[in-house]
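Here is a friendly note to read with the structure open beside you. Take the points one at a time, and look for each residue as it comes up.

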Amino acid sequence: MALKKRTRNLLIALVVVIVLAGALAALVLLVPKTPEENTSSGTQSYELYRQSTAAVDHVDIENTLDSFTVKTTGTNAWTIEGLEQFTMRDDFLEAVITNAAAPKASEKVGDDITDLSQYGLDNPSGKATAYFTDGTSQTFEIGGQVPGENKYYVRLAGENTVYVISNSYMTYFLKAQTDFVSAQITPTSESGITIQDATFSGTCRPAPIVLGRATDEEVEADPTLKYNVYRVTSPHEGGVDFDRGGKFIQYVNGMMGEGVAAIKPTAEDMAQYGLDNPYSIVEYSTIDGQSVKLSFGKTDAGEAEGIRYVYREGVPLIYTVNASDVTWAEVTEQEMISPLYFSPGIDDIAEIHVVSGGQDYAFVLAEGDDDGMNITCNGEKVDTENFRKLLNLMISLPAEEVADITDASQATGDELMSLTYRLKESDYDVKISLIDAGNRRAYISKNGEVTYTTRSTYADKFATELQKFLNGEEVASNF
């Protein structure tokens with residue numbers, strides 16, 4: 001009896017083993033084959049076929065994003081059919097030709113793969129057909145990505161051998177044709193460009209901002225312009241602040257976008273990207289005769305700071321740029337104009353007449369002692385280094401807000417202080433006045449014209465520092 005029971009248990013155990021073995025075999029059959037490595041020559045590679053790059057006439061590309069043809073136009077010259085008018089990314093085009101001429105795999109999965117769905121090759125994500133000058137052609141298909149690796153499964157069309165090829169080779173066959181168009185938006189000059197004039201308009205600002213470059217004659221008449229030849233002329237006047245508004249002068253030389261969103265955009269495309277009624281328009285011309293008009297459309301999320309769409313007039317492309325790279329396109333008049341209302345160099349000044357706290361002070365600047373300056377106040381010699389600090393305080397008076405009047409005669413308040421400069425190289429005198437505007441504000445008048453206001457307390461601050469200077473104490477050089 002015991003023997004029969006033992007026999008029965010053995011039979012049950014045997015059946016269990018057989019069932020488990022069958023299940024394991026089924027699982028093995030379902031797992032994709034492990035790629036083979038070709039190590040016979042010491043290099044791990046498999047050539048799907050081989051032609052020279054010179055033998056490639058054109059390559060047809062189809063993928064989930066686009067369909068287009070890369071064609072050879074000469075020795076080391078290529079383009080995309082239909083986009084001959086555009087500047088292309090030659091490195092991308094060369095990669096297409098090179099990799100289509102002789103695709104090389106690092107691994108081989110197997111030679112007789114019947115279930116292509118395991119590798120995404122039943123519905124390929126991309127296909128490339130290379131046509132050669134001898135009349136032959138080759139087509140390969142790109143399947144899914146190898147799990148956990150930056151590689152793709154690839155096969156020659158109609159064959160059942162599956163290979164593994166690096167994404168660095170296959171990525172070019174999975175791009176849209178917009179990826180092959182150069183994203184350089186504005187012309188480049190190796191020696192830099194010199195802006196002659198510029199206008200900022202668009203829906204982001206109530207009135208256009210116009211700026212221009214001073215002529216040689218204007219600089220000769222006003223020597224202070226040599227420190228900043230760019231001036232805002234409308235809607236108000238002032239020097240350009242390069243740290244805030246004037247950055248575009250540095251950045252528009254060879255301005256690069258992130259990519260191209262649309263080729264030969266339609267009216268519908270322009271509206272889609274907010275370019276039918278641009279948020280900002282920047283137009284500029286250079287001293288060598290170039291003219292550029294840039295329209296900035298809406299911003300879309302996508303990068304940390306967002307993507308802004310840009311259109312350059314005359315170039316039928318819509319570019320994408322990082323919004324953080326073109327903040328200068330949103331500049332306001334207040335940001336464009338330097339807060340330093342008048343800032344001559346010390347070597348340009350012959351005299352400064354100061355009225356502060358009801359007292360008059362005449363500073364005369366002349367060449368003299370070892371430090372190169374002989375400076376007097378009401379006939380008494382003063383310390384040059386401390387005067388430099390006082391002068392810095394004078395010229396750092398900041399313009400803060402646009403005024404509600406345009407002429408000093410319209411102001412009803414008292415004159416709080418004034419600084420009248422006489423320059424050495426011209427008869428050009430400049431009088432800067434602070435006129436009480438009420439509510440702790442003061443109008444800034446330059447030769448009778450008012451553009452901005454500032455804090456009236458600056459007049460008190462200046463009076464305090466001026467008295468410290470007269471007492472021989474060190475002056476604070478800024479407000």
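1. Phe 363 and Phe 469 are both buried. Please keep in mind throughout that this is a predicted model.

2. Now for the ring pairs. A pair of aromatic rings is described by the distance of the centres and the angle of the planes. Searching the whole structure gives 15 aromatic pairs. One of them joins Tyr 49 and Phe 132 edge-to-face, with 6.2 Å from centre to centre and 75 degrees between the planes. Tyr 49 sits in the loop between strand S1 (46–47) and strand S2 (56–63), while Phe 132 belongs to strand S7 (residues 126–132), so this pair ties together parts that are 83 residues apart in sequence. Both Tyr 49 and Phe 132 are buried.

3. Back to the two residues of the opening point. Phe 363 and Phe 469 make a tilted aromatic pair, their centres 5.9 Å apart and their planes at 55 degrees.

4. Phe 68, Phe 92, Tyr 172 and Phe 180 are linked into a cluster by ring pairs.

5. Next come the charges. Side chains of opposite charge can pair when their charged atoms come close. How many salt bridges does a search of the whole structure find? The search finds 18. Among them is the bridge between Glu 149 and Lys 151, whose closest N and O atoms are 3.3 Å apart. Glu 149 counts as partly exposed, because its relative accessibility is 36%. Lys 151 counts as partly exposed too, at 21%.

6. Another salt bridge brings together the side chains of Glu 474 and Lys 389, at 2.4 Å from N to O. The two partners come from distant parts of the chain, 85 residues apart: Glu 474 is in the segment after helix H9 (457–470), and Lys 389 is in helix H8 (residues 384–395). Is Glu 474 buried or exposed? Glu 474 is exposed, with a relative accessible area of 55%, whereas Lys 389 is partly exposed, with 29%.

7. Glu 400 and Arg 455 form a salt bridge as well, with their closest N and O atoms 2.6 Å apart. This pair also links distant parts of the chain, 55 residues apart: Glu 400 lies in the loop between H8 and strand S24 (401–402), and Arg 455 lies in strand S28 (residues 449–455). Arg 455 is partly exposed, at 39% relative accessibility. Now widen the view: Glu 400, Glu 401, Arg 441 and Arg 455 are linked in a network of salt bridges.

8. On the surface, Asp 216, Glu 217, Glu 218 and Glu 220 gather in a patch of negative charge. Glu 220 is part of helix H4 (residues 216–221), and this residue counts as exposed because its relative accessibility is 62%.

9. Please check the backbone as well. Most residues other than glycine have a negative phi, and most peptide bonds are trans. Which residues are joined by a cis peptide bond here? Ser 234 and Pro 235 are, with omega at about 0 degrees. Pro 235 is found in the loop between strand S13 (230–234) and strand S14 (238–239).

10. Asn 76 has a positive phi, near 55 degrees, and lies in the loop between strand S3 (67–74) and strand S4 (77–80). Asn 76 counts as exposed, at 63% relative accessibility. Asn 439 has a positive phi near 55 degrees, and its place is the loop between strand S26 (429–438) and strand S27 (441–446). Asn 439 is exposed, with a relative accessibility of 77%.

11. Finally, find Ala 105 in strand S5 (residues 104–105). Ala 105 counts as buried because its relative accessibility is 2%. Its C-alpha atom is separated by 7.4 Å from that of Ser 166, a residue 61 positions away along the chain.

Key
Residues are numbered from 1 along each chain as its sequence is written. This is a predicted model: local features need pLDDT of at least 70, side-chain atom pairs count only at pLDDT 80 or more; totals for chains, interfaces and linings use all residues. Side-chain values use heavy atoms; hydrogens and water are left out. A salt bridge is a side-chain nitrogen of Lys or Arg within 4 Å of a carboxyl oxygen of Asp or Glu. Buried means under 20% relative accessible area, exposed over 50%, partly exposed in between (1.4 Å probe, protein chains only). Helices (H or I, at least four residues) and strands (E, at least two) are DSSP runs, numbered from the N terminus. Patches are made of residues with over 30% relative accessible area and no salt bridge: like charges are joined within 9 Å, nonpolar side chains (Val, Leu, Ile, Met, Phe, Trp, Tyr) within 5 Å. Accessible areas come from the Shrake-Rupley method with a 1.4 Å probe; for residues, only the protein chains shown count as cover. Lys and Arg count as positive and Asp and Glu as negative; His and the chain ends are not counted. The place of a charge is taken as NZ of Lys, CZ of Arg, CG of Asp or CD of Glu. Rings of Phe, Tyr and Trp (its six-membered ring) pair if their centres lie within 6.5 Å; planes under 30 degrees apart count as stacked, over 60 as edge-to-face and the rest as tilted.
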